[in-house]
Amino acid sequence: NFLTKMKDHLLSWLHGYEYDGNEHLFTEEECNDLRIIGGLNRIIESTILRVNYTTYDICHEQDVMRPGPACFVMTLSREDELNAHPYWYCQVIQAFHINVLHVGPNACCHSIQTMEVLWVRWLGLVPRYKWGFSQARLPKVGFVPESDDNTFGFLDPSLMIRGCHLIPSFSDGCTDVLLRKGTSVVRNSTEEDNWCSFYVNMYVVFYLFLAYTQKYDWLASQTGICTVVLL
């Protein structure tokens with residue numbers, strides 16, 4: 001369902017739907033109205049991901065990453081429950097430039113458009129794990145199991161806040177329950193399984209530490225301000 005999910009994501013963007021974590025589902029007829037120019041063989045894969053953003057002291061910074069097993073980014077959480085974790089985390093598997101043409105009665109633009117999209121694997125908070133300064137613990141996340149329909153998805157690069165540093169929880173070990181054992185594009189070539197969980201290193205830079213201590217207001221304001229360059 002890679003192509004179906006990608007078209008749902010692209011159509012949601014073209015129709016201007018606000019991203020809430022769940023892609024709007026389109027009918028087969030609506031998906032057929034979105035033409036990928038040249039087909040899948042003409043999709044351009046980017047090998048470098050550059051994220052430009054502004055730090056808390058109004059300085060320009062840039063994260064340079066290579067999509068793959070070690071590329072992790074963060075975006076604002078769309079959860080509105082009380083005390084919900086403020087951020088979502090994902091692994092960027094691949095980054096694409098896609099030339100599309102939207103046709104049909106619902107098309108908003110009838111010219112060819114170039115769209116940028118990230119193919120990601122989502123991580124979620126470890127259940128029943130408490131983190132924070134009073135517990136003297138870092139946030140802890142793990143990959144969403146492949147049995148979940150939302151394990152893999154697509155993300156608009158403009159929704160990224162910045163890259164993040166995840167530290168494997170070595171004491172928890174590795175597992176092949178989250179994703180079947182064997183070689184995969186989401187793993188290094190020498191790996192056949194995944195770490196069970198990771199710690200979110202919120203101390204990696206000072207202003208990221210501030211994002212977890214000052215009610216997240218400053219970092220939240222960066223969404224939509226940072227720019228992403230796919231090379």
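Helices (H or I, at least four residues) and strands (E, at least two) are DSSP runs, numbered from the N terminus. By that rule the protein has 4 helices and 15 strands. This is a predicted model: local features need pLDDT of at least 70, side-chain atom pairs count only at pLDDT 80 or more, and totals for chains, interfaces and linings use all residues. Residues are numbered from 1 along each chain as its sequence is written, and side-chain values use heavy atoms, with hydrogens and water left out.

**Overall**
- Of the 231 residues in the protein, 46% are buried; buried means under 20% relative accessible area, exposed over 50%, and partly exposed in between (1.4 Å probe, protein chains only).
- The protein exposes about 12,500 Å², and carbon and sulfur atoms supply 52% of that area. Accessible areas come from the Shrake-Rupley method with a 1.4 Å probe; for residues, only the protein chains shown count as cover.
- Among contacts (heavy atoms within 4.5 Å) with a separation of 6 or more, 65% join residues 24 or more positions apart.

**Nonpolar cores**
- A nonpolar core is a set of buried Ala, Val, Leu, Ile, Met, Phe, Trp, Tyr and Cys residues joined through side-chain atoms within 4.5 Å.
- The largest core has 19 residues, of which Met 6, Leu 10 and Ile 98 touch the most other members.
- H1, strand E1 (34-36), strand E6 (87-102) and strand E7 (113-125) each supply at least two residues of this core.
- Another core, of 18 residues, lies apart from it and includes Tyr 19, Leu 49, Cys 90 and Leu 118.
- Leaving aside neighbours within four places in sequence, Met 6 contacts Ile 36, Leu 40, Ile 43, Ile 98 and Phe 154.

**Surface patch**
- Phe 2, Leu 3 and Leu 40 form a nonpolar surface patch, with about 240 Å² of accessible area together.
- Like charges are joined within 9 Å, nonpolar side chains (Val, Leu, Ile, Met, Phe, Trp, Tyr) within 5 Å.
- Leu 3 sits in helix H1 (residues 2-14) and is partly exposed, at 33% relative accessible area.

**Thr 175**
- Thr 175 belongs to strand E12 (residues 174-175) and is buried, with a relative accessible area of 16%.
- Beyond neighbours within four places in sequence, Thr 175 contacts Asp 193, Asn 194 and Cys 196.

**Asp 148**
- Asp 148 is in the loop between strand E8 (140-143) and strand E9 (152-155). Its relative accessibility is 35%, so Asp 148 counts as partly exposed.

Conventions. Patches are made of residues with over 30% relative accessible area and no salt bridge: like charges are joined within 9 Å, nonpolar side chains (Val, Leu, Ile, Met, Phe, Trp, Tyr) within 5 Å. A salt bridge is a side-chain nitrogen of Lys or Arg within 4 Å of a carboxyl oxygen of Asp or Glu.
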